[in-house]
Amino acid sequence: TIDIRTDRYVTRGGPGDHAGCYNGHRTEYRCKPGENEFLGLDWQACEALLFTIPPSVTVLSLGYRITEYDAEILPILRTGDREADRLLRKCARTLKACMRDNFMDCPDRERGQWIGDICVQAPQVFYALDRNAIPLLKKAIRNFILLRRGDVLVGNVPGIHAGELPPQSLNAISDIGMIRVYYDFTGDREALDLAFEPAIRYLALWPMEPDGRLGKREGDWNWYDHLANCDQPVLRSEERRVG
């Protein structure tokens with residue numbers, strides 16, 4: 001039995017969940033007698049690929065294939081400063097690593113299409129990548145609108161944990177969210193036509209304060225997606241460095 005995993009197989013949680021450990025993806029291959037050849041089809045994101053191979057196995061060759069979403073990084077990401085250009089390319093590569101069948105918050109474990117993360121990624125798409133990336137963003141908008149729960153716009157679709165994170169859904173339909181950004185850069189009215197009525201119905205669920213501000217509404221999670229839902233104190237920067 002050969003175990004194939006990455007240096008990112010065990011990952012920590014986000015803010016407020018530092019003690020949590022989550023398993024990523026791994027592959028297990030069971031050899032038959034004689035010469036074997038195997039290509040793992042479950043892609044893995046990592047800095048290092050780790051093979052655990054029993055002594056009874058003679059390795060003829062090991063390798064990997066780079067597989068990624070079909071979009072190229074634009075050459076416009078150059079400033080003339082070597083370090084700045086290196087940083088920009090790393091940022092673009094991170095964006096590409098978080099694209100596959102959908103945009104995602106983390107490619108090493110859950111691979112969830114969290115709408116709040118996409119609202120951050122959406123404007124990057126048009127500056128960092130070629131036009132091949134645009135259909136994936138439109139797909140995210142369609143998932144968000146068409147997989148709603150009644151009048152509730154949920155935060156992680158498609159996925160089994162399709163809960164409502166109110167600030168993420170509100171962000172997505174705001175004038176800085178993914179739908180507005182998509183329309184500003186493409187002029188594609190179809191996304192607006194699809195989202196308009198569901199957005200109005202979603203906003204109608206919210207109470208209004210006497211001064212005109214939006215009232216609080218819990219949703220499945222609280223207004224913010226980590227710290228308002230945990231009992232752990234927020235770590236100061238010094239504690240993070242030491243820990």
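## Close-up views of a predicted protein model

**View 1. Helix H5 and its helix neighbours.** The buried residues of H5 pack against H2, H3, H4 and H6. Here helices (H or I, at least four residues) and strands (E, at least two) are DSSP runs, numbered from the N terminus, and contact means heavy atoms within 4.5 Å. Buried means under 20% relative accessible area, exposed over 50%, and partly exposed in between (1.4 Å probe, protein chains only). In H5, Met178, Ile179, Val181 and Tyr182 are buried. Looking down the axis of H5, these buried residues fall within an arc of 165 degrees, so they line one face of the helix; the arc is that of the directions from the helix axis to the C-beta atoms. After H5 comes Gly187, with a positive phi near 70 degrees.

Residues are numbered from 1 along each chain as its sequence is written, and side-chain values use heavy atoms, with hydrogens and water left out.

**View 2. The whole chain.** Let's step back for a moment. The protein chain holds seven helices and five strands, and along the sequence they follow the pattern β-β-β-β-β-α-α-α-α-α-α-α. Its C-alpha trace spans about 75 × 45 × 40 Å along the principal axes. Of the 243 residues in the chain, 36% are buried.

View 3. H1 covers residues 82–97, and its 16 residues should span 22 Å at 1.5 Å a residue, which agrees with its end C-alpha atoms being 22 Å apart. (The expected span of a helix is 1.5 Å times one less than its number of residues.) Which residues of H1 are buried? They are Asp85, Ala92, Leu95 and Lys96. Down the axis of H1 its buried residues fall within an arc of 100 degrees, so they line one face of the helix. Those residues pack against helix H2 (115–128), while the face turned away from the buried side carries the exposed residues Glu83, Arg86 and Leu87.

**View 4. The largest nonpolar core.** A nonpolar core is a set of buried Ala, Val, Leu, Ile, Met, Phe, Trp, Tyr and Cys residues joined through side-chain atoms within 4.5 Å. The largest one has 37 residues, and those with the most contacts inside it are Met99, Phe103, Ile115, Leu129, Phe144 and Met178. Elements giving two or more residues to this core include H1, H2 and helix H3 (134–146). Zoom in on Leu129: leaving aside neighbours within four places in sequence, its contacts include Ala71, Ile73, Leu95 and Met99.

**View 5. Ser169 in helix H4.** Ser169 sits in helix H4. Is Ser169 buried or exposed? At 0% relative accessibility, Ser169 counts as buried. Its side chain reaches the backbone oxygen of Leu153 at 2.5 Å. Not counting residues up to four places away in sequence, Ser169 touches Phe144, Leu153, Val154, Glu164 and Tyr202.

**View 6. The cysteines.** How many disulfides are there? With a disulfide taken as a pair of cysteine sulfur atoms within 2.5 Å, the count comes to zero. For Cys91, the nearest cysteine sulfur, that of Cys98, is 12 Å away. For Cys119, the nearest cysteine sulfur is also that of Cys98, 15 Å away. Cys91 counts as partly exposed at 42% relative accessibility, whereas Cys119 counts as buried at 7%.

Technical notes: Predicted model: local features only at pLDDT ≥ 70, side-chain atom pairs only at ≥ 80, totals over all residues. Expected span 1.5 Å × (residues − 1). Polar contact = N/O pair within 3.5 Å; in protein donor to acceptor, adjacent residues only side chain to side chain.
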